[in-house]
Amino acid sequence: MTVILSGRRNGSTHREIELLASLPSELRLIGGLAVMVRVGTPHRATVDLDALARDPGVHEQLARLALTADGGGQYTFRGDMDLDVIDVAGVRVDQLLLDIAAADPGAELTDLELNVVAHTWAHDTATELDLAAADDESGDILARADRRLVASTAGLVAMKATTVALRASSKPEKRASDLYDLGRLLIDGGLSRGELLTLPNPLSEAVRERLEGWYVDDRGRDRTFREVRRFDEPRLDLDDAADAVADAFDSV
C-alpha cells in the first residue's frame, strides 16, 4: 500500500520522506509524520521525525549518517532535520508484562510502566507501507520511502494516551498537540470497531479510561476543547471523537 502526502517542494513533508528513505529499515516511524500517514488527510505540520528501535546497534548506523549525535537517541541531519529515537524493551510485550508483574507482584502499573508497554506494543504491531511526498501543485512525486514500518493507529493512540500523563506542566502545548492528534486518530485513523480492545491488559483498560475522560465525560471534554482549539485546521469535532471512542471499545 502506498500513502501519498502532499506538500511544497523542499517543504517539511518532502524533506522528512527524503530523510526517512535514508534511515535503517528496522526503525518504526511514530510521531507527527506517522499520524499524518494514518489520518490520510491534512494535519498539523511536523518539523522532525520520531521513531522506535529495539536493536541498540541501530544507533551506530545513525551516528554514521547524522551530522551530529548528541546522545539520548537524538540526531541532526542535513537541512536542520532532527530525528528522535526511543528504545523499546528487548522483549515482546507479553514477556514485558510478565517481567513487570514479577518485579512487584500485585502492584498496578505506574504511568511510566504503561508508557513503556505502549511503546513496546506499538513497535511490535507496526505495519509496512510505501510512503511518498507529492508536490501539492503539480502532483509530481518528490521523494519516496518504500517498505517503511509505521506504527498502527492503535499503536499511536496507545502511546499518546499514556504519554499525556507524563508531560511536564511547563509544556502545555505538548499536551494540547497530543490531545489533538489523538482526536484526529480516533476520527480519521481508520480504527475498526473494537480495535482498541486488542491492546494488552492492563494497557487497554488504562487507555479506555483516559480517552473517556478526555473526549466523553463532560468535564474532561470542556478542558480538551480549551486545549485543542488552537489547532483550527482541520477543526476537531469532540462529538465525533466521543463516538469513535465508544466504537473502538465496542466488543459487539
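**Reading helix packing and burial**

Reply: Helix 5 and helix 8 are roughly perpendicular to each other (65 to 115 degrees, where under 35 is roughly parallel, over 145 roughly antiparallel and the rest oblique). This is a predicted model, in which local features need pLDDT of at least 70 and side-chain atom pairs count only at pLDDT 80 or more, while totals for chains, interfaces and linings use all residues. Residues are numbered from 1 along each chain as its sequence is written, and side-chain values use heavy atoms, with hydrogens and water left out.

Me: At what angle do the axes of helix 5 and helix 8 cross?

Reply: Axes are lines fitted to C-alpha atoms, for helices over the stretch in contact, and angles between N-to-C directions run from 0 to 180 degrees. Here helix 5 (residues 111-124) and helix 8 (residues 203-216) cross at roughly 110 degrees, and their axes come within 10 Å. Helices are DSSP runs of H or I with at least four residues, and strands are runs of E with at least two, numbered from the N terminus.

Me: Which residues of helix 5 meet helix 8?

Reply: A contact means heavy atoms within 4.5 Å. From helix 5 come D111, L114, V117 and A118, which meet L203, A206 and R210 of helix 8. The contact of helix 5 with helix 8 comprises 5 nonpolar, no polar and 2 charged residues (Ala, Val, Leu, Ile, Met, Phe, Trp, Tyr, Cys and Pro being nonpolar, Asp, Glu, Lys and Arg charged, and the others, Gly among them, polar).

Me: Which residues of helix 4 are buried?

Reply: Buried means under 20% relative accessible area and exposed over 50%, with partly exposed in between, for a 1.4 Å probe and protein chains only. In helix 4 (residues 93-103), the buried residues are V93, L96, L97 and I100. They lie on the same side of helix 4, because they cover an arc of only 100 degrees around the axis, the arc being that of the directions from the helix axis to the C-beta atoms. An α-helix has 3.6 residues a turn, so residues three or four places apart point the same way.

Me: What does the buried side of helix 4 pack against, and what does the face turned away carry?

Reply: The buried residues of helix 4 pack against helix 5. D94, L98 and A102 are exposed on the face turned away from that buried side.

Me: Where is E137, and is E137 buried or exposed?

Reply: E137 lies in the loop between strand 7 (127-135) and strand 8 (141-150). With a relative accessible area of 77%, E137 is exposed.
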